[in-house]
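These are my notebook entries on one structure.

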Amino acid sequence: MLLHDTAIVYGRYLRQSLRSRFALLFGLLMPLLYLVFFGPLLTGLPLGGRGSSWQVLVPGLLLQLGLFGALFSGFMIILENGQGVVERMRVTPVSRLALLLGRVLREATVFVLQAVLLVLAAVVMGLRAPLAGVLIGFAFVGLLTASLSSLSYALAMKVRTPQEFGPLINAVSMPSMLLSGLMLPMTLGPAWLDVLSHFMPFRYLVDAMRDAYVGSYLTAHMLYGVLVSVALTLVAVTVGTRVFRTAGA
C-alpha cells in the first residue's frame, strides 16, 4: 500500500510540474547564468584541483540547483494549506509517509531532469567528464534534493505563512552555498575558512562530485560524500515523516 500510495501522490505532483514548463526552465535559469557568464572567467585559472575549470564549476552548479530549489519547495505546502488541499488529504486513508515521499520523489525527478539539461549545456561550452562520473553526480543531486525538500516540507508544516518561511530559508541557503565551496574549492581560501567549511555537510558532496567528474571513484572524498548524503537523506525523511504524521497531513 505504501508503494501504491506513493505512486499516486508522485504521479499527481509530477503531472503538475511537467505542465508548468515555465517553472522548470526558470528554476534552471540561475545555474545556467553562472555557467554562461561565470564559467568562462575560470578558464585556465589554477583552481587547486585536478581537471579543468568546468570539472570544478559544474558539480557545484548542479548542487546549487538542488540546494536552492529543494529548500524553497516548502512554499507549495503553505499554498496548499491555504487552499484546503492538505485538509482534504488528511481525511483520506493514504499513508502519511506516502504523502511526503510522493512529493519528495517529484522534487528529485524534476531537479535531476534540470541537472541533465545543465550538463548538456556545459558540454556544449567545453565540459569533458566520464559518463560514470556524470551519472554519479545525478545521484548526488537526487539525494540532496530528497533530503532538503523533506526538511523544507517539514518546516513549512510548522511555519504557516510565506513571510515567515522565506527569511528562514534564505538564512540557511546563503551560508550553505558560501561555506560548501559550490562555486570554487574551499582550499583556495584561508585555512580557517577551509576548516569551518568541513562542518557544512554539503562540502563533502561537492568534493565527491568533483572527484567523480575527473574519473576518481575510490577516494576518501567519495566515501565521505556517499555516507553524508545517505545519512542526511535518512534523517531528513524521518523528520519529515514525523512532522507529517503529527500535523495530520
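Entry 1: Helices here are DSSP runs of H or I with at least four residues, numbered from the N terminus. I noted that the model is predicted, that local features need pLDDT of at least 70 and side-chain atom pairs pLDDT 80 or more, while totals for chains, interfaces and linings use all residues. Residues are numbered from 1 along each chain as its sequence is written, and side-chain values use heavy atoms, with hydrogens and water left out.

Helix α1 covers residues 2-19 and helix α6 residues 96-125; their axes come within 7 Å and cross at roughly 45°. Axes are lines fitted to C-alpha atoms, for helices over the stretch in contact, and angles run from 0 to 180 degrees between N-to-C directions. α1 and α6 are therefore oblique to each other; angles under 35 degrees count as roughly parallel, over 145 as roughly antiparallel, 65 to 115 as roughly perpendicular and the rest as oblique.

I then listed residues in contact (heavy atoms within 4.5 Å). Among them are Val9, Tyr13 and Ser17 in α1, and Leu101, Arg106 and Val110 in α6. The contact of α1 with α6 divides into eleven nonpolar, four polar and three charged residues. Ala, Val, Leu, Ile, Met, Phe, Trp, Tyr, Cys and Pro count as nonpolar, Asp, Glu, Lys and Arg as charged, and the others, Gly among them, as polar.

Entry 2: Helix α3 (residues 53-71) packs on helix α7 (residues 131-158) at an angle of about 20°, with the axes 8 Å apart. That makes α3 roughly parallel to α7. I found Leu62, Gly66 and Ala70 among the α3 residues of the contact, and Val141, Leu148 and Ser152 among those of α7. This contact of α3 with α7 has eight nonpolar, four polar and no charged residues.

**Entry 3: tyrosine 213.** Is tyrosine 213 buried or exposed? Its relative accessibility is 0%, so tyrosine 213 counts as buried; buried means under 20% relative accessible area, exposed over 50% and partly exposed in between, with a 1.4 Å probe and protein chains only. Tyrosine 213 lies in helix α10, residues 202-213. Glutamine 55 is 158 residues from tyrosine 213 in sequence, yet their C-alpha atoms are 5.9 Å apart.

How values were computed: Helices (H or I, at least four residues) and strands (E, at least two) are DSSP runs, numbered from the N terminus.
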